[in-house]
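I am opening the notebook on this structure. The plan is to look up the annotated spans, then the packing and the contacts.

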Amino acid sequence: MTATIDNHWYPVAMISGIQAPRETLLLGKKITVGRERGTCWVKDASGNALPTVERFGHLWTSPGQPNRDLFTIPEADSPGRRLVDVGSVKVKCSPLRAVENFLDIAHFPFVHTDILGAEPHTEVDRYDVKIREEVDEVWATKVKFFQPQAAKSAEGGITTEYMYRVPAPTCSVLYKTCPPRPGEWDVITLFVQPLTDEWCEVWPWMALYDDDSTMSEMVSFQQLIFMQDRSILENQLPRKLPLDPGMEVPTQADMTSVAYRRWLKKIGYTYGAQLVAA
Amino acid sequence: MILYDYVLSASCYKVRLMAALIGKTLSLHAVNFHPAQEHKSPEMLALNPKGTLPILQDGDTVLTDSADILRHLTAEHPEWRSPEDDRWLAFASDLNNSLGLARLHDVISYEADIEKARAAGVAALRKLEAHLTEQRFDGLIFLTGKTPTIADIACFPNTALAPDGGVSLDPYPSVRLWMRAIRSLPGFIEMPGIHRLHELAHPA
Amino acid sequence: MNWVAVALTEDVPPGVVIPSRIEDTDLAIWCTPSGRYHAWSDRCPHRGMRLSHGFVRGDTLACIYHGWQYNEEGACDYIPAHPKLTPPDTICVPTYTCTEAGGVIWVSLNKTDSALPALGGRKPVRSLPINLSANDLAAHFGAEDYTTIAVVSDHDVLIAVQPCTDNACMAHVLASPDKDRTTVSRWLEDLRATLEGMPS
């Protein structure tokens, strides 16, 4: 394992869900997560304490020596938002495949039919993608898509605008048109814990403007969406994400995924990646 | 009628699907089963001391067993009933304890003897395949005859969701055609992990 | 390897796609609405999704993930995200030789001139997964090859064996048309129980 991979922050628990110490895996190695007197801790297999950060409702740790702070989502701090702990779902796929699927809109009409997309509204218009060198993050902006029911709070079909951000190799943040508050963005995240390079635990989290839905309804909506993705993610071959061009065929609609793969390659993040054709 | 519902529960889906197929509108009350374990909250335990879902509330009647709920929903729909149903409602409960448990283990980390749960699931799928194959020899596609009954609706969800728990459905051709027949029913609704038949919609 | 049985035709009616495999090769077997069978690599070239999870629409097989449609030659002819685009010829799914005979769908992973196995007028009964390698199954019946095995029993059955993994195969079973299929099917269940119960 190289420092390039170890030195990132990874989500390992939802803070509100930590009770008795729980054993889990991070990058294929056993760790234990627990809480004492209100403070969360993480230990490696030898019992050594690992660094921790509590942010976005989740506990983050790193098996290495992170050379930068965990990313922030300033928008999520604005007042009036409801912070939604969605819980976790385990998936047998590369953590990178889980992130890449989250960055994709072209599957909405087929996988999230009549919710996030519907035929015949399948066209993906050109949008902007870049690697923001100053922060070393992937950003896609001006992404627009017609959605029958964009959120729990949406009534009827609307064209939704999205911004996607990849602030860490196994995390993505989505900013999305907020049906009840034009001009504001809902924040929906996908935090992925790499259990191994072909198995992950996915922790979605949201910061939404929604005064009508119950918390349970918002959780249900996001679990519904992610479980629709899970049956795709467990059936992609290979399970790892191919980084070399040639194994898979992108189109213009996949510009975010192309940038994500290029960025992973650039920063040397190869855990869960397939580098040469099998 | 109010259904206390969890969107990922195979047993709650039985109820939603049955209601959709007979054109009955349910008022859904979302329960945060995972991660918040809201089904064990004092309010929910007051309604159902067993702490399980689904719960159907119809006036003063509160039903907490999915087989009872299916019977209740179809009380005035004899076309959805067969004398053979009881046997398959019991079998549906075996599916829930095997394939259903494997799925909860693989998806939301339920404690389970996973190899045992999967092996029991495979044994149940083989029984289902054998029966459905014999039905097809007689020109019948559903569990009890030419038309579906609550038996089919009770057994369908955990069967169709078997891959979620690491049990493949690939080697069961009669099960596959039976699932397809259910997905083709007018009024069919999907749940995460069970796709609708896209071939039926919007030819390009 | 020559012809391998991958399914019975009545298990893959028009408009249906199913997953199958021959050893390490994952297959999507599908039937057009007009009844033509195809055996393809079970992988969409776009993002690697299994095509056997997809759907048949018209004379195309579509991927469930993004709806990309492939014509009967395996070439992509429609990408829903870009409805006005004519997909380049380079986007295609590897296809295999596939034909139907005697109610069985046969696939050859290589080009082949060899004749299809003779079925002796027997009719399909059912396909049965067995937790035993194809070679072990053949050895049990004293057969040299597992392509088709005539089993001398009360029922005069023929087993067309599909090698799936190191410890699993699919038995596509045929019997004389005058045999009661339910009786043969139950005999097969017992046979499987015996075979799987044997120490290997």
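How far apart do the end C-alpha atoms of residues 91-266 of chain A lie, and what share of the span is helix and what share strand? I looked both up in the model, which is a predicted one. The end C-alpha atoms are 26 Å apart, and the span comes out as 24% helix and 34% strand.

**Helix pair in chain A**

Next I took helix 2 (residues 95-102) and helix 4 (residues 215-233) of chain A. I read an angle of about 130° for their packing, and their axes are 11 Å apart. Because of that angle, helix 2 of chain A is oblique to helix 4 of chain A. The crossing of helix 2 of chain A past helix 4 of chain A is right-handed.

Which residues make the contact between the two? From helix 2 of chain A I listed A:Arg97, A:Ala98 and A:Asn101. From helix 4 of chain A I listed A:Asp229, A:Ile232 and A:Leu233. Sorted by type, the residues of this contact are three nonpolar, one polar and two charged.

**Chain C against chain A**

I then turned to the contact between chains. I found 18 residues of chain C in contact with 18 residues of chain A. The side of chain C that touches chain A holds nine nonpolar, six polar and three charged residues.

**Chain B**

For chain B I went back to the record. UniProt, in an unreviewed entry, puts the feature "domain: GST N-terminal" at residues 1-81 of chain B. I get 32% helix and 19% strand over residues 1-81 of chain B, with the end C-alpha atoms 21 Å apart.

How many residues of domain 1 of chain B are in contact with domain 2 of chain B? I noted 14, and they meet 13 residues of domain 2 of chain B. On the domain 1 side, the elements giving two or more residues are helix 1 (10-21) and helix 3 (66-73) of chain B. Helix 1 of chain B supplies the largest share of that side, six residues. By type, I have the domain 1 side of chain B as seven nonpolar, five polar and two charged residues.

Methods
Residues are numbered from 1 along each chain as its sequence is written. Chains are lettered from A and ligands numbered from 1 in the order in which they are written. This is a predicted model: local features need pLDDT of at least 70, side-chain atom pairs count only at pLDDT 80 or more; totals for chains, interfaces and linings use all residues. Helices (H or I, at least four residues) and strands (E, at least two) are DSSP runs, numbered from the N terminus. Two residues are in contact if their C-beta atoms, placed from the backbone, lie within 7 Å. Ala, Val, Leu, Ile, Met, Phe, Trp, Tyr, Cys and Pro count as nonpolar, Asp, Glu, Lys and Arg as charged, and the others, Gly among them, as polar. Axes are lines fitted to C-alpha atoms, for helices over the stretch in contact, and angles run from 0 to 180 degrees between N-to-C directions. Angles under 35 degrees count as roughly parallel, over 145 as roughly antiparallel, 65 to 115 as roughly perpendicular and the rest as oblique. A crossing is left-handed if the near helix is turned anticlockwise from the far one by less than a right angle, and right-handed if clockwise. UniProt positions are given in the numbering used here, feature names are shortened, and annotations may be inferred rather than shown by experiment.
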